[in-house]
Amino acid sequence: MNDELIAPRKIKEPSYADAIIPAVTLVVLIAGAIFLFGLDALDGPVQVALIFCDILVAVIITKNGHHWDDVAKSAQNAMGSVTTPFFILFGIGALIGTWNMSGTIPTMVYYGIHLLHPAYFYVATLVICSVISLSIGSSWTTAGTIGVGLVGLATMVGVSPAITAGAVVSGSYVGDKISPLSETTVLTAQLAKVDVFTHIRAMLWTTVPSFLIAAVVFTFLSLREGNLVHNVDTGSELYKLNQIFWITPLNLIPLIVLLVLSFRKVRASLAILSSALLGGIMAAILQPQVVLHFVNNPALPVPLAFVKGIWLAMATGYHVNTGIKEVDSLLSRGGMASMLKTLWIIIGAVTFGTLLEEFKLLAKLINPLLDRAKSTGGLIATVVGTALGLNIIAADQYIALVLPVRLYRTEFEKRGLKAQNLSRACADAGTVTSPLVPWNSCGAYMAAALGVSTMAYLPFAIFNITAPLMSLFLGFTGFKIERVQPVDTQAETAPTP
(Lines give C-alpha, C1' and ligand atoms only; values in the text may rest on other atoms or scores of the structure.)
Protein backbone atom coordinates (compact mmCIF):
# COMPACT_ATOMS: atom_id res chain seq x y z
CA MET A 1 0.00 0.00 0.00
CA ASN A 2 3.02 2.30 0.45
CA ASP A 3 3.37 2.80 -3.29
CA GLU A 4 -0.20 4.01 -3.59
CA LEU A 5 -0.09 7.77 -3.65
CA ILE A 6 -3.01 9.88 -2.63
CA ALA A 7 -3.29 12.83 -4.97
CA PRO A 8 -3.43 16.16 -3.12
CA ARG A 9 -6.75 17.91 -3.36
CA LYS A 10 -6.83 21.16 -5.30
CA ILE A 11 -7.81 24.10 -3.08
CA LYS A 12 -10.11 26.64 -4.71
CA GLU A 13 -10.42 30.26 -3.68
CA PRO A 14 -13.82 30.93 -2.07
CA SER A 15 -16.28 32.66 -4.35
CA TYR A 16 -18.45 35.61 -3.39
CA ALA A 17 -21.38 33.22 -3.13
CA ASP A 18 -19.38 31.04 -0.72
CA ALA A 19 -18.87 34.08 1.52
CA ILE A 20 -22.33 35.56 1.25
CA ILE A 21 -24.45 32.42 1.69
CA PRO A 22 -23.37 31.68 5.33
CA ALA A 23 -23.83 35.32 6.37
CA VAL A 24 -27.30 35.54 4.82
CA THR A 25 -28.27 32.15 6.24
CA LEU A 26 -27.23 33.26 9.73
CA VAL A 27 -29.26 36.46 9.51
CA VAL A 28 -32.34 34.61 8.16
CA LEU A 29 -32.23 31.83 10.74
CA ILE A 30 -31.70 34.16 13.70
CA ALA A 31 -34.40 36.54 12.47
CA GLY A 32 -36.71 33.55 12.09
CA ALA A 33 -35.87 32.34 15.60
CA ILE A 34 -36.62 35.75 17.09
CA PHE A 35 -39.86 36.05 15.07
CA LEU A 36 -41.10 32.63 16.17
CA PHE A 37 -39.86 32.56 19.77
CA GLY A 38 -39.37 36.20 20.75
CA LEU A 39 -36.91 36.72 23.61
CA ASP A 40 -37.08 32.99 24.33
CA ALA A 41 -35.09 32.44 21.12
CA LEU A 42 -31.88 32.60 23.20
CA ASP A 43 -33.01 29.58 25.22
CA GLY A 44 -32.13 27.21 22.38
CA PRO A 45 -33.45 28.22 18.93
CA VAL A 46 -30.62 30.70 18.24
CA GLN A 47 -28.07 28.10 19.33
CA VAL A 48 -29.56 25.57 16.89
CA ALA A 49 -29.35 28.19 14.12
CA LEU A 50 -25.67 28.76 14.87
CA ILE A 51 -24.86 25.04 14.79
CA PHE A 52 -26.58 24.66 11.42
CA CYS A 53 -24.58 27.62 10.12
CA ASP A 54 -21.39 25.94 11.35
CA ILE A 55 -22.27 22.84 9.33
CA LEU A 56 -23.08 24.95 6.28
CA VAL A 57 -19.70 26.71 6.41
CA ALA A 58 -17.93 23.37 6.88
CA VAL A 59 -19.64 21.98 3.75
CA ILE A 60 -18.61 25.05 1.72
CA ILE A 61 -15.02 24.74 2.95
CA THR A 62 -14.79 21.06 2.01
CA LYS A 63 -16.39 21.84 -1.36
CA ASN A 64 -13.48 24.15 -2.02
CA GLY A 65 -11.02 21.29 -1.57
CA HIS A 66 -10.10 21.39 2.10
CA HIS A 67 -10.11 18.15 4.10
CA TRP A 68 -12.65 17.65 6.86
CA ASP A 69 -9.68 17.28 9.23
CA ASP A 70 -8.75 20.89 8.45
CA VAL A 71 -12.24 21.99 9.42
CA ALA A 72 -12.09 19.93 12.62
CA LYS A 73 -8.71 21.42 13.54
CA SER A 74 -10.04 24.95 12.99
CA ALA A 75 -13.04 24.19 15.21
CA GLN A 76 -10.67 22.90 17.90
CA ASN A 77 -8.73 26.16 17.67
CA ALA A 78 -12.00 28.03 18.12
CA MET A 79 -12.73 26.09 21.30
CA GLY A 80 -9.24 26.80 22.58
CA SER A 81 -9.71 30.53 22.05
CA VAL A 82 -12.71 30.65 24.41
CA THR A 83 -11.38 28.48 27.23
CA THR A 84 -10.72 31.53 29.42
CA PRO A 85 -14.22 33.03 28.84
CA PHE A 86 -15.70 29.64 29.72
CA PHE A 87 -13.97 29.62 33.09
CA ILE A 88 -14.99 33.23 33.70
CA LEU A 89 -18.62 32.37 32.93
CA PHE A 90 -18.58 29.36 35.22
CA GLY A 91 -16.95 31.51 37.89
CA ILE A 92 -19.60 34.22 37.60
CA GLY A 93 -22.35 31.59 37.86
CA ALA A 94 -20.77 30.17 41.02
CA LEU A 95 -20.19 33.66 42.38
CA ILE A 96 -23.81 34.74 41.98
CA GLY A 97 -24.94 31.59 43.79
CA THR A 98 -22.59 31.91 46.78
CA TRP A 99 -22.88 35.70 46.99
CA ASN A 100 -26.65 35.38 47.26
CA MET A 101 -26.33 32.72 49.95
CA SER A 102 -23.66 34.65 51.86
CA GLY A 103 -25.71 37.85 51.90
CA THR A 104 -23.24 39.79 49.74
CA ILE A 105 -25.75 40.68 47.01
CA PRO A 106 -28.66 41.10 49.48
CA THR A 107 -26.48 43.50 51.52
CA MET A 108 -25.60 45.51 48.40
CA VAL A 109 -29.30 45.73 47.60
CA TYR A 110 -30.28 46.54 51.20
CA TYR A 111 -27.86 49.45 51.45
CA GLY A 112 -28.61 50.51 47.89
CA ILE A 113 -32.32 50.87 48.64
CA HIS A 114 -31.42 53.38 51.33
CA LEU A 115 -28.86 55.26 49.24
CA LEU A 116 -30.11 55.23 45.63
CA HIS A 117 -33.30 57.10 44.81
CA PRO A 118 -35.22 56.64 41.52
CA ALA A 119 -34.56 60.32 40.72
CA TYR A 120 -30.87 59.58 40.09
CA PHE A 121 -30.78 55.77 39.97
CA TYR A 122 -29.81 55.23 36.32
CA VAL A 123 -27.12 57.91 36.14
CA ALA A 124 -25.69 56.71 39.47
CA THR A 125 -25.55 53.19 38.03
CA LEU A 126 -23.64 54.50 35.00
CA VAL A 127 -21.13 56.38 37.18
CA ILE A 128 -20.61 53.53 39.68
CA CYS A 129 -19.96 50.96 36.94
CA SER A 130 -17.69 53.38 35.06
CA VAL A 131 -15.54 54.01 38.14
CA ILE A 132 -15.27 50.28 38.94
CA SER A 133 -14.46 49.29 35.35
CA LEU A 134 -11.84 52.03 35.06
CA SER A 135 -10.28 50.77 38.30
CA ILE A 136 -10.08 47.10 37.33
CA GLY A 137 -10.24 47.21 33.52
CA SER A 138 -12.86 44.47 33.16
CA SER A 139 -16.39 44.91 31.86
CA TRP A 140 -17.28 41.29 32.64
CA THR A 141 -16.19 41.48 36.27
CA THR A 142 -17.93 44.84 36.77
CA ALA A 143 -21.23 43.65 35.28
CA GLY A 144 -21.07 40.25 36.99
CA THR A 145 -20.63 41.74 40.47
CA ILE A 146 -21.74 45.34 40.99
CA GLY A 147 -24.03 45.11 37.96
CA VAL A 148 -25.89 42.09 39.30
CA GLY A 149 -26.62 43.91 42.55
CA LEU A 150 -27.78 47.08 40.79
CA VAL A 151 -30.16 45.21 38.47
CA GLY A 152 -31.57 43.35 41.48
CA LEU A 153 -31.95 46.65 43.31
CA ALA A 154 -33.83 48.14 40.34
CA THR A 155 -36.60 45.60 40.78
CA MET A 156 -36.82 46.42 44.48
CA VAL A 157 -37.13 50.19 44.11
CA GLY A 158 -39.57 50.00 41.21
CA VAL A 159 -37.39 51.17 38.31
CA SER A 160 -36.73 49.40 35.02
CA PRO A 161 -34.27 46.46 35.15
CA ALA A 162 -33.78 46.80 31.36
CA ILE A 163 -32.72 50.47 31.58
CA THR A 164 -30.56 49.65 34.60
CA ALA A 165 -28.89 46.83 32.65
CA GLY A 166 -28.25 49.30 29.81
CA ALA A 167 -26.59 51.67 32.29
CA VAL A 168 -24.53 48.78 33.72
CA VAL A 169 -23.34 47.72 30.26
CA SER A 170 -22.58 51.33 29.32
CA GLY A 171 -20.53 51.97 32.45
CA SER A 172 -18.79 48.61 32.31
CA TYR A 173 -17.47 49.28 28.82
CA VAL A 174 -16.09 52.72 29.67
CA GLY A 175 -13.27 51.04 31.55
CA ASP A 176 -12.98 48.15 29.15
CA LYS A 177 -12.34 50.71 26.41
CA ILE A 178 -9.87 53.15 28.00
CA SER A 179 -8.48 51.62 31.19
CA PRO A 180 -4.76 50.77 30.89
CA LEU A 181 -5.62 47.66 32.92
CA SER A 182 -8.02 46.39 30.23
CA GLU A 183 -6.70 43.54 28.10
CA THR A 184 -8.68 44.72 25.07
CA THR A 185 -7.17 48.21 25.39
CA VAL A 186 -3.65 46.79 25.52
CA LEU A 187 -4.36 44.26 22.75
CA THR A 188 -5.75 46.88 20.36
CA ALA A 189 -2.75 49.15 20.90
CA GLN A 190 -0.31 46.29 20.37
CA LEU A 191 -2.00 45.14 17.17
CA ALA A 192 -1.97 48.65 15.74
CA LYS A 193 1.69 49.09 16.85
CA VAL A 194 0.95 52.20 18.89
CA ASP A 195 1.87 53.08 22.47
CA VAL A 196 -1.00 52.15 24.80
CA PHE A 197 -1.24 55.63 26.34
CA THR A 198 -1.20 57.25 22.91
CA HIS A 199 -4.07 54.90 22.04
CA ILE A 200 -5.94 55.88 25.23
CA ARG A 201 -5.45 59.62 24.60
CA ALA A 202 -6.85 59.19 21.08
CA MET A 203 -9.87 57.29 22.42
CA LEU A 204 -10.73 60.04 24.90
CA TRP A 205 -12.03 62.13 21.99
CA THR A 206 -14.82 59.60 21.39
CA THR A 207 -15.14 58.13 24.89
CA VAL A 208 -15.68 61.35 26.86
CA PRO A 209 -18.42 62.74 24.56
CA SER A 210 -20.11 59.31 24.47
CA PHE A 211 -20.03 59.10 28.27
CA LEU A 212 -21.43 62.62 28.63
CA ILE A 213 -24.24 61.86 26.18
CA ALA A 214 -25.03 58.68 28.12
CA ALA A 215 -24.97 60.62 31.40
CA VAL A 216 -27.43 63.19 30.03
CA VAL A 217 -29.79 60.49 28.75
CA PHE A 218 -29.67 58.51 32.00
CA THR A 219 -30.16 61.69 34.03
CA PHE A 220 -33.28 62.46 32.01
CA LEU A 221 -34.54 58.88 32.40
CA SER A 222 -33.79 59.00 36.13
CA LEU A 223 -35.67 62.26 36.63
CA ARG A 224 -38.60 60.92 34.62
CA GLU A 225 -38.56 57.75 36.71
CA GLY A 226 -38.42 59.81 39.89
CA ASN A 227 -41.59 61.62 38.82
CA LEU A 228 -43.38 58.39 37.90
CA VAL A 229 -42.34 56.35 40.94
CA HIS A 230 -43.80 57.92 44.06
CA ASN A 231 -43.21 56.58 47.53
CA VAL A 232 -42.33 53.05 46.48
CA ASP A 233 -43.05 50.73 49.38
CA THR A 234 -39.91 48.67 49.90
CA GLY A 235 -40.65 47.93 53.52
CA SER A 236 -41.71 44.32 52.97
CA GLU A 237 -38.63 43.59 50.85
CA LEU A 238 -36.27 45.19 53.38
CA TYR A 239 -37.94 43.35 56.22
CA LYS A 240 -37.68 40.02 54.39
CA LEU A 241 -34.00 40.55 53.54
CA ASN A 242 -33.31 41.47 57.17
CA GLN A 243 -35.28 38.45 58.32
CA ILE A 244 -33.39 35.97 56.12
CA PHE A 245 -29.87 37.42 56.37
CA TRP A 246 -27.70 39.11 58.94
CA ILE A 247 -27.17 42.40 57.08
CA THR A 248 -23.69 43.65 57.93
CA PRO A 249 -20.78 45.31 56.08
CA LEU A 250 -18.87 42.08 56.71
CA ASN A 251 -20.94 40.52 53.93
CA LEU A 252 -19.14 42.78 51.45
CA ILE A 253 -15.74 41.18 52.12
CA PRO A 254 -15.98 38.86 49.04
CA LEU A 255 -16.68 41.92 46.86
CA ILE A 256 -13.74 43.85 48.30
CA VAL A 257 -11.43 40.85 47.87
CA LEU A 258 -12.51 40.48 44.23
CA LEU A 259 -11.87 44.17 43.50
CA VAL A 260 -8.42 43.97 45.12
CA LEU A 261 -7.50 40.84 43.15
CA SER A 262 -8.74 42.41 39.92
CA PHE A 263 -6.80 45.62 40.56
CA ARG A 264 -3.67 43.57 41.17
CA LYS A 265 -4.23 41.93 37.74
CA VAL A 266 -4.90 38.43 39.04
CA ARG A 267 -6.41 36.39 36.20
CA ALA A 268 -10.13 37.10 36.02
CA SER A 269 -11.16 33.44 36.14
CA LEU A 270 -8.97 32.77 39.20
CA ALA A 271 -10.08 35.96 40.97
CA ILE A 272 -13.78 35.28 40.37
CA LEU A 273 -13.64 31.61 41.38
CA SER A 274 -11.64 32.49 44.50
CA SER A 275 -14.19 35.14 45.45
CA ALA A 276 -17.03 32.70 44.79
CA LEU A 277 -15.47 30.15 47.13
CA LEU A 278 -14.82 32.87 49.73
CA GLY A 279 -18.50 33.84 49.47
CA GLY A 280 -19.48 30.25 50.27
CA ILE A 281 -17.14 30.15 53.27
CA MET A 282 -18.48 33.51 54.48
CA ALA A 283 -22.01 32.12 54.18
CA ALA A 284 -21.14 29.27 56.54
CA ILE A 285 -19.61 31.74 59.02
CA LEU A 286 -22.04 34.68 58.86
CA GLN A 287 -25.26 33.08 57.59
CA PRO A 288 -25.23 29.49 58.98
CA GLN A 289 -29.03 29.33 59.27
CA VAL A 290 -29.37 30.32 55.59
CA VAL A 291 -27.06 27.52 54.48
CA LEU A 292 -28.74 24.92 56.68
CA HIS A 293 -32.21 25.94 55.48
CA PHE A 294 -31.00 25.79 51.87
CA VAL A 295 -29.58 22.26 52.29
CA ASN A 296 -32.70 21.16 54.24
CA ASN A 297 -31.22 17.90 55.55
CA PRO A 298 -31.33 17.79 59.38
CA ALA A 299 -29.79 14.31 59.43
CA LEU A 300 -26.59 15.60 57.84
CA PRO A 301 -23.85 16.75 60.26
CA VAL A 302 -23.54 20.53 60.28
CA PRO A 303 -19.99 20.69 58.79
CA LEU A 304 -21.06 18.44 55.93
CA ALA A 305 -24.24 20.49 55.46
CA PHE A 306 -22.09 23.59 55.04
CA VAL A 307 -19.93 21.83 52.45
CA LYS A 308 -23.00 20.58 50.59
CA GLY A 309 -24.60 24.04 50.65
CA ILE A 310 -21.53 25.74 49.23
CA TRP A 311 -21.19 23.00 46.62
CA LEU A 312 -24.85 23.28 45.57
CA ALA A 313 -24.79 27.09 45.40
CA MET A 314 -21.76 26.97 43.12
CA ALA A 315 -23.19 24.19 40.95
CA THR A 316 -26.89 24.99 40.57
CA GLY A 317 -27.30 28.31 42.38
CA TYR A 318 -29.00 29.46 45.55
CA HIS A 319 -32.79 29.20 45.71
CA VAL A 320 -35.31 30.44 48.25
CA ASN A 321 -39.08 30.83 48.45
CA THR A 322 -40.03 33.87 50.53
CA GLY A 323 -43.46 34.51 49.06
CA ILE A 324 -42.33 37.91 47.76
CA LYS A 325 -41.78 37.78 44.02
CA GLU A 326 -39.14 40.52 43.87
CA VAL A 327 -37.06 38.95 46.64
CA ASP A 328 -37.30 35.46 45.13
CA SER A 329 -36.30 36.81 41.71
CA LEU A 330 -33.25 38.51 43.23
CA LEU A 331 -32.05 35.61 45.37
CA SER A 332 -32.92 32.50 43.34
CA ARG A 333 -30.16 32.74 40.75
CA GLY A 334 -26.66 31.64 39.89
CA GLY A 335 -24.75 28.40 39.70
CA MET A 336 -22.41 27.15 37.01
CA ALA A 337 -25.32 25.25 35.43
CA SER A 338 -27.08 28.56 34.71
CA MET A 339 -24.33 29.42 32.23
CA LEU A 340 -24.70 26.35 30.01
CA LYS A 341 -27.08 27.98 27.50
CA THR A 342 -24.66 30.89 27.22
CA LEU A 343 -21.76 28.53 26.57
CA TRP A 344 -23.88 26.81 23.91
CA ILE A 345 -24.24 30.15 22.12
CA ILE A 346 -20.53 30.92 22.38
CA ILE A 347 -19.49 27.51 21.04
CA GLY A 348 -21.68 27.86 17.95
CA ALA A 349 -20.85 31.52 17.33
CA VAL A 350 -17.08 31.37 17.80
CA THR A 351 -16.78 28.24 15.65
CA PHE A 352 -18.72 30.00 12.90
CA GLY A 353 -16.51 33.10 13.06
CA THR A 354 -13.25 31.14 13.19
CA LEU A 355 -14.14 29.03 10.15
CA LEU A 356 -15.04 32.14 8.19
CA GLU A 357 -11.76 33.82 9.11
CA GLU A 358 -9.30 30.93 8.73
CA PHE A 359 -10.63 29.83 5.34
CA LYS A 360 -10.73 33.41 3.96
CA LEU A 361 -14.48 33.75 3.53
CA LEU A 362 -14.48 36.95 5.62
CA ALA A 363 -11.71 38.51 3.57
CA LYS A 364 -13.77 37.82 0.44
CA LEU A 365 -16.56 39.94 1.93
CA ILE A 366 -14.36 42.72 3.27
CA ASN A 367 -11.89 43.43 0.44
CA PRO A 368 -14.50 45.00 -1.89
CA LEU A 369 -15.43 47.40 0.91
CA LEU A 370 -11.84 48.59 1.15
CA ASP A 371 -11.69 49.26 -2.59
CA ARG A 372 -14.70 51.59 -2.30
CA ALA A 373 -13.37 53.59 0.70
CA LYS A 374 -11.79 56.55 -1.10
CA SER A 375 -11.94 59.28 1.59
CA THR A 376 -10.65 59.24 5.17
CA GLY A 377 -14.21 59.27 6.45
CA GLY A 378 -15.07 56.42 4.12
CA LEU A 379 -12.07 54.41 5.31
CA ILE A 380 -12.93 54.86 8.97
CA ALA A 381 -16.57 54.06 8.21
CA THR A 382 -15.36 50.85 6.57
CA VAL A 383 -13.36 49.95 9.67
CA VAL A 384 -16.34 50.66 11.92
CA GLY A 385 -18.70 48.71 9.65
CA THR A 386 -16.28 45.79 9.44
CA ALA A 387 -15.84 45.56 13.22
CA LEU A 388 -19.59 45.83 13.81
CA GLY A 389 -20.28 43.28 11.10
CA LEU A 390 -17.74 40.88 12.58
CA ASN A 391 -19.39 41.19 15.97
CA ILE A 392 -22.63 40.14 14.29
CA ILE A 393 -21.33 37.48 11.89
CA ALA A 394 -18.22 36.16 13.65
CA ALA A 395 -19.85 36.75 17.06
CA ASP A 396 -16.56 37.28 18.85
CA GLN A 397 -15.11 40.50 20.23
CA TYR A 398 -11.51 39.51 19.60
CA ILE A 399 -12.10 38.65 15.94
CA ALA A 400 -13.84 42.04 15.60
CA LEU A 401 -10.70 43.70 17.01
CA VAL A 402 -7.92 41.64 15.47
CA LEU A 403 -9.12 41.25 11.89
CA PRO A 404 -9.82 44.94 11.06
CA VAL A 405 -6.39 45.94 12.39
CA ARG A 406 -4.75 43.29 10.21
CA LEU A 407 -6.79 44.21 7.15
CA TYR A 408 -6.54 48.00 7.30
CA ARG A 409 -3.19 48.81 8.98
CA THR A 410 -1.28 48.99 5.68
CA GLU A 411 -3.98 51.14 4.07
CA PHE A 412 -3.83 53.65 6.95
CA GLU A 413 -0.03 53.85 6.51
CA LYS A 414 -0.39 54.42 2.76
CA ARG A 415 -2.82 57.28 3.35
CA GLY A 416 -0.63 58.96 5.97
CA LEU A 417 -2.99 58.26 8.89
CA LYS A 418 -1.45 57.58 12.29
CA ALA A 419 -2.03 54.18 13.80
CA GLN A 420 -4.09 55.58 16.71
CA ASN A 421 -6.81 56.53 14.22
CA LEU A 422 -7.17 52.85 13.36
CA SER A 423 -6.91 51.58 16.94
CA ARG A 424 -9.56 54.08 18.08
CA ALA A 425 -12.01 53.08 15.36
CA CYS A 426 -11.50 49.38 16.12
CA ALA A 427 -12.07 49.91 19.86
CA ASP A 428 -15.13 52.09 19.26
CA ALA A 429 -16.77 49.51 17.02
CA GLY A 430 -15.12 46.20 17.92
CA THR A 431 -14.98 46.36 21.72
CA VAL A 432 -17.98 48.51 22.50
CA THR A 433 -20.63 47.01 20.20
CA SER A 434 -19.93 43.39 21.18
CA PRO A 435 -22.50 43.31 24.05
CA LEU A 436 -25.22 44.57 21.69
CA VAL A 437 -25.37 41.29 19.76
CA PRO A 438 -27.35 38.53 21.57
CA TRP A 439 -25.29 35.66 20.10
CA ASN A 440 -21.94 37.41 20.54
CA SER A 441 -19.97 36.02 23.49
CA CYS A 442 -20.15 39.42 25.22
CA GLY A 443 -23.87 39.90 24.60
CA ALA A 444 -24.60 36.37 25.78
CA TYR A 445 -22.50 36.91 28.90
CA MET A 446 -24.16 40.21 29.85
CA ALA A 447 -27.63 38.72 29.43
CA ALA A 448 -26.73 35.67 31.52
CA ALA A 449 -25.02 37.63 34.30
CA LEU A 450 -27.58 40.45 34.58
CA GLY A 451 -30.68 38.33 34.01
CA VAL A 452 -31.92 40.75 31.33
CA SER A 453 -32.00 39.74 27.66
CA THR A 454 -29.69 41.52 25.25
CA MET A 455 -32.60 42.73 23.14
CA ALA A 456 -34.22 44.26 26.25
CA TYR A 457 -31.20 46.32 27.37
CA LEU A 458 -29.86 47.10 23.87
CA PRO A 459 -31.82 50.38 23.35
CA PHE A 460 -30.50 51.65 26.68
CA ALA A 461 -26.80 50.80 26.21
CA ILE A 462 -26.32 54.45 25.26
CA PHE A 463 -22.53 54.58 25.56
CA ASN A 464 -22.13 51.49 23.39
CA ILE A 465 -24.39 52.91 20.69
CA THR A 466 -22.85 56.40 20.74
CA ALA A 467 -19.12 55.48 20.69
CA PRO A 468 -19.01 54.16 17.09
CA LEU A 469 -21.11 57.12 15.95
CA MET A 470 -18.55 59.48 17.50
CA SER A 471 -15.79 57.64 15.64
CA LEU A 472 -17.68 58.18 12.38
CA PHE A 473 -18.13 61.86 13.25
CA LEU A 474 -14.39 62.36 13.70
CA GLY A 475 -13.68 60.48 10.47
CA PHE A 476 -15.97 62.55 8.26
CA THR A 477 -15.17 65.93 9.89
CA GLY A 478 -11.43 65.31 10.12
CA PHE A 479 -11.38 66.50 13.72
CA LYS A 480 -8.56 64.89 15.72
CA ILE A 481 -7.52 62.76 12.76
CA GLU A 482 -3.75 62.54 13.25
CA ARG A 483 -1.60 62.39 10.11
CA VAL A 484 1.96 61.52 9.14
CA GLN A 485 3.90 61.45 5.89
CA PRO A 486 2.31 58.73 3.72
CA VAL A 487 4.43 55.62 3.32
CA ASP A 488 4.45 55.80 -0.49
CA THR A 489 5.45 59.46 -0.43
CA GLN A 490 8.30 58.72 1.93
CA ALA A 491 9.52 56.03 -0.44
CA GLU A 492 9.37 58.38 -3.39
CA THR A 493 11.25 61.22 -1.66
CA ALA A 494 13.92 59.04 -0.08
CA PRO A 495 17.42 59.83 -1.37
CA THR A 496 18.89 57.43 -3.90
CA PRO A 497 21.78 55.44 -2.40
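Here is a short exchange about the surface patch, the core and the aromatic pairs of this structure.

User: What kind of model is this, and how are residues numbered?
Analyst: It is a predicted model, where local features need pLDDT of at least 70, side-chain atom pairs count only at pLDDT 80 or more, and totals for chains, interfaces and linings use all residues. Residues are numbered from 1 along each chain as its sequence is written, and side-chain values use heavy atoms, with hydrogens and water left out.

User: Why is Val48 called partly exposed?
Analyst: Its relative accessibility is 38%. Buried means under 20% relative accessible area and exposed over 50%, with partly exposed in between (1.4 Å probe, protein chains only), so Val48 counts as partly exposed. Val48 sits in helix α2.

User: Which residues make up the nonpolar patch on the surface?
Analyst: Leu29, Val48, Ile51, Phe52, Ile55, Val59 and Trp344, with about 610 Å² of accessible area together. Helix α2 (residues 45-63) supplies the largest share, 5 residues.

User: What does Trp439 touch?
Analyst: Leaving out residues up to four places away in sequence, Trp439 touches Leu26, Ile30, Val46, Leu50, Ile345, Ala349, Ile392 and Ala395. Contact here means heavy atoms within 4.5 Å.

User: What makes the pair of Phe121 and Tyr122 edge-to-face?
Analyst: Rings of Phe, Tyr and Trp (its six-membered ring) pair if their centres lie within 6.5 Å; planes under 30 degrees apart are stacked, over 60 edge-to-face and the rest tilted. For Phe121 and Tyr122 the centres are 6.1 Å apart and the planes at 85°, so the pair is edge-to-face. Both Phe121 and Tyr122 are buried. By this rule there are 5 aromatic pairs.

Conventions
Patches are made of residues with over 30% relative accessible area and no salt bridge: like charges are joined within 9 Å, nonpolar side chains (Val, Leu, Ile, Met, Phe, Trp, Tyr) within 5 Å. Accessible areas come from the Shrake-Rupley method with a 1.4 Å probe; for residues, only the protein chains shown count as cover. A salt bridge is a side-chain nitrogen of Lys or Arg within 4 Å of a carboxyl oxygen of Asp or Glu. Helices (H or I, at least four residues) and strands (E, at least two) are DSSP runs, numbered from the N terminus.
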